[in-house]
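Here's a walk through one protein, from a single side chain out to the whole chain. Keep the viewer open and click along as you read.

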Amino acid sequence: MSAAALALDEPHVLVGPYGPRTSAPAPAAPAAPAAPAAPAAPALSEPMTAADIPQVIELLRAAPQAAYCEWEDERLLSGHLAHSSDLCRVIRTPAGRVVAALLAGSFGVRGSISHAVVDPGHRRLGLARVMAVDTLAAFRRRGVNRIFLAVLDGNEAATALWTGVGFRPALGERTFECDL
């Protein structure tokens, strides 16, 4: 599916046990005769907040495929959120635990996605796709015309995610980087 075919102007949701942060889980209902199950809450990606950063770093550190660098610390990420919170997304459990995160930024008419990570116990549920679609919509609202990202060789799940939302390999280009 191409990015043009996605509904990028509205939040993207996926049915599952995810939703906006709540103050406490709902109390257990008393035993009753079996009734039809209520539909699960949709997965909503929300803008990342500074309070989410420790959990996001924990997710990134636990996922080698995320290529996290230790200098991406709380101070640096908090500063980044000051101008990119609409591009950086998280998905939380109803209890408020961050189980998926995406970090992105823009400069002029170009943007980049630096990390997308999902807790291993919550993978293959479409959470990364929800965040990707919401981030692409935020880029579009900013007037960003091109977005780039890097995927580690052999990371087929990431390749499937990004090609599934409209990205294509940039032929004839190499990615270079330099830590300062």
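Start with Ser-84: its relative accessibility is 0%, and buried means under 20%, so this serine counts as buried. You'll find Ser-84 in helix 2, which covers residues 74–84. Leaving aside residues up to four places away in sequence, Ser-84 touches Ala-104, Gly-105 and Arg-142. Bear in mind as you click around that this is a predicted model.

Now zoom out to get your bearings. The protein has 4 helices and 7 strands, and reading along the sequence gives you the pattern β-β-β-α-α-β-β-β-α-β-α. Of its 180 residues, 36% are buried. Look at the contacts with a separation of 6 or more, and you'll see that 74% of them come from residues 24 or more positions apart.

Next, the greasy parts. In soluble globular proteins, nonpolar side chains tend to be buried together. Here the largest nonpolar core has 24 residues, and those with the most contacts inside it are Ile-91, Leu-102, Ile-113, Leu-127, Phe-139, Trp-162 and Val-165. Which elements give two or more residues to this core? They are strand 5 (98–107), strand 6 (110–118), helix 3 (127–142) and helix 4 (156–164). Helix 3 gives the most, with 9 residues.

Not counting residues up to four places away in sequence, Trp-162 touches Leu-102, Ile-113, Ala-116, Ala-132, Leu-149, Val-151 and Phe-167. Apart from this core lies another one, made up of 15 residues, including Ile-53, Ile-57, Leu-59 and Ala-63.

Trp-162 also turns up where two helices meet: Ala-128, Arg-129 and Ala-132 in helix 3 meet Leu-161, Trp-162 and Gly-164 in helix 4. How far apart are the axes of helix 3 and helix 4, and at what angle do the helices pack? The axes are 10 Å apart and the angle is about 40°. Angles under 35 degrees would count as roughly parallel, and 65 to 115 as roughly perpendicular, so helix 3 and helix 4 are oblique to each other. The crossing of helix 3 past helix 4 is right-handed.

Now for the charges. Arg-92 pairs with Glu-46 in a salt bridge, with the closest N and O atoms 2.5 Å apart. That pair links distant parts of the chain, since Arg-92 belongs to strand 4 (residues 89–92) and Glu-46 to strand 3 (residues 46–47), 46 residues apart. Arg-92 also forms a salt bridge with Asp-52, where the closest N and O atoms are 2.6 Å apart. Asp-52 sits in the loop between strand 3 and helix 1 (53–61) while Arg-92 is in strand 4, so this pair ties together parts that are 40 residues apart in sequence. Put together, Glu-46, Asp-52 and Arg-92 are linked in a network of salt bridges.

Is Arg-92 buried or exposed? Its relative accessibility is 1%, so Arg-92 counts as buried. Asp-52 is buried too.

For one last stop, go to Asp-134 and Arg-89, whose side chains meet in a salt bridge at 3.9 Å, N to O. Asp-134 is in helix 3 and Arg-89 in strand 4, and the two are 45 residues apart, so to speak a link between distant parts of the chain. Both Asp-134 and Arg-89 are buried.

Conventions:
Residues are numbered from 1 along each chain as its sequence is written. This is a predicted model: local features need pLDDT of at least 70, side-chain atom pairs count only at pLDDT 80 or more; totals for chains, interfaces and linings use all residues. Side-chain values use heavy atoms; hydrogens and water are left out. A nonpolar core is a set of buried Ala, Val, Leu, Ile, Met, Phe, Trp, Tyr and Cys residues joined through side-chain atoms within 4.5 Å. Buried means under 20% relative accessible area, exposed over 50%, partly exposed in between (1.4 Å probe, protein chains only). Contact means heavy atoms within 4.5 Å. A salt bridge is a side-chain nitrogen of Lys or Arg within 4 Å of a carboxyl oxygen of Asp or Glu. Axes are lines fitted to C-alpha atoms, for helices over the stretch in contact, and angles run from 0 to 180 degrees between N-to-C directions. Angles under 35 degrees count as roughly parallel, over 145 as roughly antiparallel, 65 to 115 as roughly perpendicular and the rest as oblique. A crossing is left-handed if the near helix is turned anticlockwise from the far one by less than a right angle, and right-handed if clockwise.
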